[in-house]
Every structure is written in C-alpha cells, then in structure tokens.
Amino acid sequence: MFDSNENDPISPALRALLELFTTELAEVRFPDMSGDVLDDAAAQVRAKAEAVAQAQAALEVARQGLQESQDALLQKGQRALAYARVFSEENPELATKLDAIHLPRPVRKGPKSEGATSEPVAAANGNEENAPKRRGRPPKARPAQGASLFSEGATAESLAIAHEGNGVLPTA
C-alpha cells in the first residue's frame with residue numbers, strides 16, 4: 001500500500017539517504033550503522049504504517065456500524081415515544097414526562113443513484129448559477145401591474161415597445 005512515493009511514510013530525505021546506502025555507500029560500514037540496518041528500519045516503518053492503515057479502515061467500518069445502530073435505535077425510540085404518548089392520553093403525569101423528551105428527527109437518506117445531482121435544489125435555493133437551464137420559450141415581458149400606459153414621460157417609442165406583439169398600434 002505504501003509503495004508509491006506519495007504514500008510512502010518515509011520522508012523524501014530519508015529515502016535519498018537509503019538510496020545512497022544501497023548504491024554508492026553499499027560497501028561502507030559504520031559502527032552499528034549500514035545500509036542493511038537502514039533497510040530493516042525502513043521496512044519496520046512501512047509495516048507499522050500498513051498496520052495503521054488497516055486499523056483506520058477497521059475503525060471506519062466500526063464507526064459506520066455504530067452509526068447504523070444509533071440510527072436504528074433512534075427510529076425505534078421515536079416509535080416507542082409515539083406509542084407512549086397515545087397511551088398516556090389519560091395519564092397527565094406520564095404525558096408531562098413524555099412531553100419533556102425531545103428526540104431528534106431521523107435524517108432520511110434518499111437512494112443514491114448515478115447521475116443524480118443537486119441542481120434542482122440549487123435552483124430552489126435561489127442559486128441560479130448552478131440551476132439547470134430552463135427549456136422552452138421565455139415568458140413575454142409584461143408592463144408592471146398598476147403602471148399607467150400614459151404615465152408621465154411616456155414616448156411613442158416606449159409605448160410601441162410596451163405593446164409590441166399584441167397587434168395594437170400606439171397612438172400619439
């Protein structure tokens with residue numbers, strides 16, 4: 001798992017030193033230090049890093065299992081609370097105790113399908129940049145409600161633009 005340089009738990013500087021001790025300094029021996037000693041230590045580091053990666057993967061699986069168990073307990077707890085509230089309709093003391101219990105709402109996870117995007121959600125939230133392009137003909141521009149056709153400053157050109165397409169010719 002840690003064979004590539006980008007995932008290697010050994011720093012580039014130590015890898016360069018190991019390389020030197022396997023090539024140019026292969027025949028050199030120092031007290032308690034040689035290329036073999038360094039290679040053994042590097043192998044031990046890689047083995048420990050692999051053990052850590054496996055432990056992290058197992059931890060993630062365990063966390064997922066815990067989350068699923070907590071979700072199942074929450075659903076059962078909500079159902080039990082609902083039944084208990086119906087049961088306590090004639091017992092005000094029990095109803096008061098049950099009203100003090102507030103369970104969180106379950107997070108419903110919809111089916112994940114390939115190609116499903118959040119574009120409609122983005123459009124509903126007012127984020128037009130990510131919204132899908134609307135199909136069809138754009139709506140006609142209509143004059144504002146309550147605006148008078150003959151308001152101050154109205155010109156023949158503005159009247160023509162306002163009535164364009166409806167067959168009415170403006171009169172000046």
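The accessible surface of the protein chain comes to about 15,200 Å², and 56% of this area belongs to carbon and sulfur atoms. Accessible areas come from the Shrake-Rupley method with a 1.4 Å probe, and for residues only the protein chains shown count as cover. This is a predicted model: local features need pLDDT of at least 70, side-chain atom pairs count only at pLDDT 80 or more, and totals for chains, interfaces and linings use all residues. Residues are numbered from 1 along each chain as its sequence is written, and side-chain values use heavy atoms, with hydrogens and water left out.

**Overall build**

- The protein chain has five helices and zero strands. Helices (H or I, at least four residues) and strands (E, at least two) are DSSP runs, numbered from the N terminus.
- Read from the N terminus on, the elements run α-α-α-α-α.
- Of the 172 residues in the protein chain, 12% count as buried. Buried means under 20% relative accessible area, exposed means over 50%, and partly exposed lies in between (1.4 Å probe, protein chains only).
- Take the contacts in the protein chain with a separation of 6 or more: residues 24 or more positions apart account for 39% of them. Contact means heavy atoms within 4.5 Å.

**The loop between helix 1 and helix 2**

- Serine 34 lies in this loop, between helix 1 (12-22) and helix 2 (35-87). Serine 34 is buried, with a relative accessible area of 9%.
- Serine 34 touches Phe21 and Arg29, leaving aside residues up to four places away in sequence.
- Aspartate 32 lies in the loop between helix 1 and helix 2 as well. Aspartate 32 is exposed, at 71% relative accessible area.
- The phi angle of aspartate 32 is near 60 degrees, a positive value in a residue other than glycine.
- Methionine 33 is also found in the loop between helix 1 and helix 2. Its relative accessible area is 32%, so methionine 33 is partly exposed.

**Nonpolar surface patch**

- Phe30, Met33 and Val37 form a nonpolar patch on the surface. Together they have about 250 Å² of accessible area.
- Patches are made of residues with over 30% relative accessible area and no salt bridge; like charges are joined within 9 Å, and nonpolar side chains (Val, Leu, Ile, Met, Phe, Trp, Tyr) within 5 Å.

**Salt bridges**

- Side chains of opposite charge can pair when their charged atoms come close. A salt bridge is a side-chain nitrogen of Lys or Arg within 4 Å of a carboxyl oxygen of Asp or Glu.
- By this rule the count comes to four salt bridges.
- Arginine 15 and aspartate 8 form one of them, at 3.9 Å from N to O. Aspartate 8 is buried, with a relative accessible area of 11%.
- Asp8, Arg15 and Arg46 are linked in a network of salt bridges.
- Arginine 85 and aspartate 99 meet through their side chains in a salt bridge of 4.0 Å, N to O. Arginine 85 lies in helix 2 and aspartate 99 in helix 3 (residues 92-99), so the pair ties together parts that are 14 residues apart in sequence.
- Arginine 85 counts as partly exposed, at 35% relative accessibility. Aspartate 99 is partly exposed too, with a relative accessible area of 47%.
- Lysine 97 and glutamate 93 form a salt bridge of 4.0 Å, N to O. Being four residues apart in helix 3, lysine 97 and glutamate 93 are separated by about one helical turn.
- Lysine 97 is exposed, and glutamate 93 is exposed as well.
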